[in-house]
Amino acid sequence: MADETKLEDHLAALAESGLRHAVPVAAERIRARGERRLRRRRAALVSGGALLAVAVTVGGLSLAWAPRGPEPPAVIPTPTDSSFVPPAPAAGEEYAGELGYVYGAVAKGDTVRVTVEQLRTVRGAATPVGVVHTLTLPRGTLVEARQLGGGSPEDLDLGRLVGRLAGGPRWVFVIDYDSEGRVHSLREAYWLAE
C-alpha cells in the first residue's frame, strides 16, 4: 500500500510540473487558424462550382453544335451482283449447306475465286434456281471429292483442283457454311451424278 501512495504522489507531482511549464495557445491564434480553414473550404467550394458550371456549359455547346445527320460510312457500300445470302445453320447444327455448280476457278496468290450457281433437287435431279455468285476461298479449303478425285473418296485442297474447276458448270458441290457465313468445306455431291 505504501508503494501505491508513492506512485500516486509521484504522478501528481509530475502532472503539476507539466502544467507549470505548458503555455496555453492564445485564443487569437486558435481563431485565426479556424478562419483560415473556413476560407480554404469556401474557396474550394467556389472553384469546384465554377469548374462544374464551365463543364456543363462546354458540354451543352458541344451537343448544340453537333451535326444533326448520320455520319457518312467509312467505306462506301457497293451493291452486290446477286441476291445471295449465305445460309445459316439450323438450331443445334454446326454448318448449313448450299447445293450448287462450282466452276470458273481462278487462282490468285493464296486464294481461289470460284463461281457458284445455286441448285435445288427436284425428284433427285439438280435444277438451277437462278442465283449465281462468286466466292473467294483460301487455297487450302478442304474439298471432299470422289469422282473429281478419280473415283475414290479423298480430301483435297481447293488449290489442287483449280484446273479441273476452271471450266463451265460440271461439278456439283454442297458448300458448308459456319454460323458466321464463312465457307468451311466443299463436298462433292456425287450422288446426283449417279
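How do strand β1 and strand β2 pair, and over how many bridges? I looked this up in the predicted model. Strand β1 covers residues 96–108 and strand β2 covers residues 111–122. They pair in the antiparallel sense, over seven bridges.

Next, the whole sheet. I followed the strand order and wrote down β3-β2-β1-β6-β7-β4-β5. That makes an open sheet of seven strands, and the pairing is mixed. I checked the edges. They are β3 (125–138) and β5 (154–157), and each of these pairs on one side only. I also noted the twist, which averages 35 degrees from one strand to the next.

Then I turned to Tyr190. I found this residue in the segment after β7 (183–188).

What does Tyr190 touch, leaving out residues up to four places away in sequence? I noted Arg146 and Gln147. Gln147 is 43 residues from Tyr190 along the chain, yet their C-alpha atoms are separated by 6.7 Å.

Last entry, the surface. I looked for a nonpolar patch and logged one of about 300 Å². Which residues make this patch? Leu7, Leu11 and Leu14 do. I placed Leu7 in helix α1, which runs over residues 2–21.

Terms used. Residues numbered from 1 in each chain as written. Predicted model: local features only at pLDDT ≥ 70, side-chain atom pairs only at ≥ 80, totals over all residues. Heavy atoms only, no water. Patch = residues over 30% accessible without salt bridge, like charges linked within 9 Å, V, L, I, M, F, W, Y side chains within 5 Å. Areas by Shrake-Rupley, 256 points an atom, 1.4 Å probe, with all protein chains shown as cover. Salt bridge = Lys/Arg side-chain N within 4 Å of Asp/Glu carboxyl O. Helix = DSSP H or I, 4+ residues; strand = E, 2+ residues; numbered from the N terminus. Contact = heavy atoms within 4.5 Å. Pairing = 2+ DSSP bridges. Axes fitted to C-alpha atoms, helices over the stretch in contact; angles between N-to-C directions.
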